[in-house]
Amino acid sequence: MRLALAVILLTACGGSDEKLPTGPIAATVTDYDLTIDLDSRATHAKVTATITEAGDCWQLPFRGGAPTKVTMNGKTAEASVDGTTITACGAGFTTDKPLVLELDHTIQLTTLATTDVGFTAKTDADHNAYDYLLSWINECDRFTPCDNRPDQFAHYHYDVTHAAGTTARCPGIVTDVSATETTCDFQFDGGPTYSTFGVIASAAWTPSDLGTWAGVHVTLYDRASTGVAAAIDPTYHTGYLTWMQSMLGPWPYGSELRVLTAPTYWDGFEHPGNIVLSDGLAHERGSYKKPVEHVLDHEMAHMWAGDQTTLAGTYDFMWKESMAEYFAYAYEDMMDPTAAPATLGYWKAASAAAAFYPVPGDKPALVDYYGDAYGPGPMVLFRQLEVLTSRDQVLAAIKSVLGHQHALSVDDVVAALAQSTGLDLTAYSAAWIHGSGKPAWPTVQVSYTPGTGTGTLSVTQVTSTDKRCKFHVALDGDQAGQQTLVAVDTFRDGLMQAIPVATPSYPVTNIVLDPLGECLVYGAAFVAPARFNPWQAQR
Ligand SMILES: [Zn+2]
């Protein structure tokens, strides 16, 4: 009887004074608004979310400055921070209304290792000040409480205060409100946090109109001394964007692209519709044959591969870099064929020096391994497979997984490639893509025995026998043009082969392994270069 009475009393009490939910809130962030003064880095952050589980306390990753004026839905909230998260508690919030968390803080003048990830306030080589707010995978909580999981999409609004004479640009529709205030409103389908958090400002840019490339109006923000403008051929990139849109659908970010140069740590970065390029690219040597052309195409590919379709998880990083590299390379190969072999050579050199597999089973910190994705990634995921099948089949696979907003894993890409090529890629993926420690790529021994009418090319793969592929061996003579290419397919035909070759009309004086850059296969005597980061800008 007592128990029944208690229940009745509680029910009556609940009826007259609605009980607010308690406990941890689960919510999906829909909007990030940053009001930021670039000189002081004083920031007002506003995070809007849809509540999926009611409660009174919301925890989000946060590594900004000490927060003040913390409110939830406009009312003062209790907040605590522990260096990696903020927990804000209010009166209790139900699922029928958006949740709005606001606070003031100062963005820290710090970066991730030696990269630009974080906030940079430096000067360029001509002594002009520039600022760069740069996110990355799992890094948006430097600027605001942020759900930093890679697979999340949101809308963004920036209200940037800066010195008069400084130009500030960020993803979205840009409005120069006054000489000292610029807003960027990003209301497209949504952008991932790794790239859509990005504000860059400089007093040194002269904007130049590069025309309309396949429906996209392009403006370059650059200093004359960089040489970048002179290295951009609008006709080449118009063809590229026409080709890309024919495969992947319309440019995902309105009808505008801004390209901005600065002395950045990386060659380029794919902020949606607001691509940043290293101002040293035009003078880069020993990487791509035409670094500006290649890197700009790489970053434009990311609008679809990385931004519109994003990463399912941190260790899916390699597919977006592999696709961006492969699209830039494939277009070079079709339209600018002297540039394509240099790209393949760069990939192969970087691969030989790599310290981690494309999807590293040992899970190093992203900053310690991401550079190793740029060489092996496009080689093992796309180049080796186009050699085993065809470029059309590889592009069809990529097309099948891009063109709409979603999160994608490396395994999803491999499944699409298997479907499109008809190859069973189970063993291939296990051998080439996944692994722990420094990758060991296959080495082969090659010899040629001349004969009457027919000679024999002997090929034996002596290491990493689980890694199979297809490549050519060139039998060269001393004179220009004396070359016979012999196809070797260890994927289908095994590790030891004696291949009959019609005897060339010239004496064979030199044997070249993989002259077409078709596989990460190396000679037994090959000495790998020291590890280097292919995407780090040279200056
Ligand atoms: Zn990239």
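**From a loop to the zinc site**

A: K363 is exposed, with a relative accessible area of 53%. Exposed means over 50% relative accessible area, buried means under 20%, and partly exposed lies in between (1.4 Å probe, protein chains only). This is a predicted model: local features need pLDDT of at least 70, side-chain atom pairs count only at pLDDT 80 or more, and totals for chains, interfaces and linings use all residues. Residues are numbered from 1 along each chain as its sequence is written, and side-chain values use heavy atoms, with hydrogens and water left out.

K363 sits in the loop between β22 (359-360) and α7 (366-369). Helices (H or I, at least four residues) and strands (E, at least two) are DSSP runs, numbered from the N terminus. The phi angle of K363 is near 45°, a positive value in a residue other than glycine. N73 also has a positive phi, near 50°, and is not glycine either. Its loop runs between β4 (68-72) and β5 (75-76). N73 is partly exposed, at 33% relative accessibility.

Now the whole chain. The protein has 539 residues, and 55% of them count as buried. It holds twelve helices and 31 strands. Its C-alpha atoms fill a box of roughly 105 × 70 × 40 Å, taken along the principal axes. Contact means heavy atoms within 4.5 Å. Among contacts with a separation of 6 or more, 71% join residues 24 or more positions apart.

Next comes the part for the close look, the zinc site. The protein donors of the zinc ion are H298 (NE2), H302 (NE2) and E321 (OE), at 2.0 to 2.1 Å from it. Donors are N, O and S atoms within 2.8 Å of the metal (3.2 Å for Na, K and Ca); water is not among the atoms, so sites may look incomplete. Along the sequence, the donor residues follow the spacing H-x3-H-x18-E. H298 lies in helix α4 (residues 291-302) and E321 in helix α5 (residues 317-335), so this pair ties together parts that are 23 residues apart in sequence.

E321 counts as buried at 2% relative accessibility.

H302 deserves a longer look. This residue lies in helix α4. Leaving aside neighbours within four places in sequence, H302 is in contact with E270, D307, K320, E321 and A324. One of these, E321, is itself a donor of the zinc ion. For a sense of scale, take A66. It is 236 residues from H302 along the chain, and their C-alpha atoms are separated by 34 Å.

Last, a helix elsewhere in the sequence. Helix α8 (residues 376-388) bends by about 30° at F382. The bend at a residue is the angle between axes fitted to the seven residues ending there and the seven starting there.

L381, F382 and L385 in α8 meet V413, V414 and L417 in α10. By class, this contact has six nonpolar, no polar and no charged residues. Ala, Val, Leu, Ile, Met, Phe, Trp, Tyr, Cys and Pro count as nonpolar, Asp, Glu, Lys and Arg as charged, and the others, Gly among them, as polar.
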